[in-house]
Amino acid sequence: MLSLALSLPVPTAEAFDSMVHICCIFATIVGAITGATASSRVRMDLIGIVVCGTIVALGGGTLRDMLLSGVITQDGTPLRVYWTTPGEVQYIWQAVITSVIIFYVTRFRALPVGTIRVADAFSMAFFTILGMNKAYALGLPGVVCCIMGVCTGVAGGAMRDIITGNVPYIFRPKEVYASASLGGCVAYLVFADLLDIHRFWAFTLGLVVTFTIRMVSVYHNWTLPSYRPLFDTVRNTDDHVTTHTPTRDCNADNASWPSEKEH
């Protein structure tokens, strides 16, 4: 393990900061794509799509910074919600512009099958490691860093699903979602702390681990153990038979706009 740490080149601080900035831009744009696409499938208007896309793009980082409010940064100032600072207000415009573009694109052309799942996996992976990296840079305990990483990664997607009337991925029994985010955070911590690898490589490898776990679980239909009652006390009789009408899931790969008959 020590040889691995010694064999990896050590990037400059400027190179690492540049990579983190590029990842922030990418995560913001992809997050806005997932929010705008999902809201377009439930026929929101322009304002609704922009609001949903922006909330998804900024929601995870907002929750993280609110939880860390009061933490003192290296320059001696209290931590603020990142997009409220003059240097990072650009992320608002990136989310808004992306959402507007998706609004007009989806009016004339349906996005490819699986757009939301793949884009959401990218968004979740990038936001997870960005949140993990920020907490780690602040010198917080490892367990706190992991919690901040998971919150940053999954909060935006959960807000998107709630706004569009769906069960969030994090609460679905057959989705390896938060566990994929946690796996990436643990990988980051192992590489950075136990193996003493530079944070540039811990960031990169943690990102790969998070995205890989999520997409492989989707492809192979991996699931976590779900709740099963120890004793089934409800008999299968006519008195207990209930009908279930499936709800529309705008995040499904085969989702489409509702027909006029459904309104």
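Predicted model: local features only at pLDDT ≥ 70, side-chain atom pairs only at ≥ 80, totals over all residues.
Is F16 buried or exposed? Its relative accessibility is 5%, and buried means under 20%, so F16 counts as buried.

Who are its contacts? Setting aside residues up to four places away in sequence, F16 touches N133, R199, F200 and F203. Now look at H198: along the chain, F16 and H198 are 182 residues apart, but in space their C-alpha atoms are 9.8 Å apart.

## R64 in helix α3

Next up is R64, found in helix α3, which runs over residues 46-67. With a relative accessibility of 6%, R64 falls under the 20% cut-off, so it counts as buried too.

The side chain of R64 makes a polar contact of 2.9 Å with the side chain of D65. If you skip the neighbours within four places in sequence, R64 is in contact with Y82, L130, G131, K134, M148 and T152.

## The largest pocket

How big is the largest pocket? Its volume is about 750 Å³. A set of 26 residues lines this pocket, and V20, E88, N133, K134 and A137 are the ones nearest its centre. Helices α2, α3 and α5 (115-137) are the elements that each give two or more residues to the lining. Of these, α2 gives the most, with seven residues.

What is the lining made of, class by class? You'll find 12 nonpolar residues, eight polar ones and six charged ones.

Notes. Residues numbered from 1 in each chain as written. Heavy atoms only, no water. Buried < 20%, exposed > 50% of the residue type's maximum accessible area, 1.4 Å probe, protein only. Contact = heavy atoms within 4.5 Å. Helix = DSSP H or I, 4+ residues; strand = E, 2+ residues; numbered from the N terminus. Polar contact = N/O pair within 3.5 Å; in protein donor to acceptor, adjacent residues only side chain to side chain. 1 Å grid on protein atoms, 1.4 Å probe; cavity = no way out; pocket = protein on both sides within 12 Å on 5 of 7 lines; lining within 4 Å. Points joined across faces, edges and corners; volume = space filled by probe spheres on them. Nonpolar A, V, L, I, M, F, W, Y, C, P; charged D, E, K, R; others polar.
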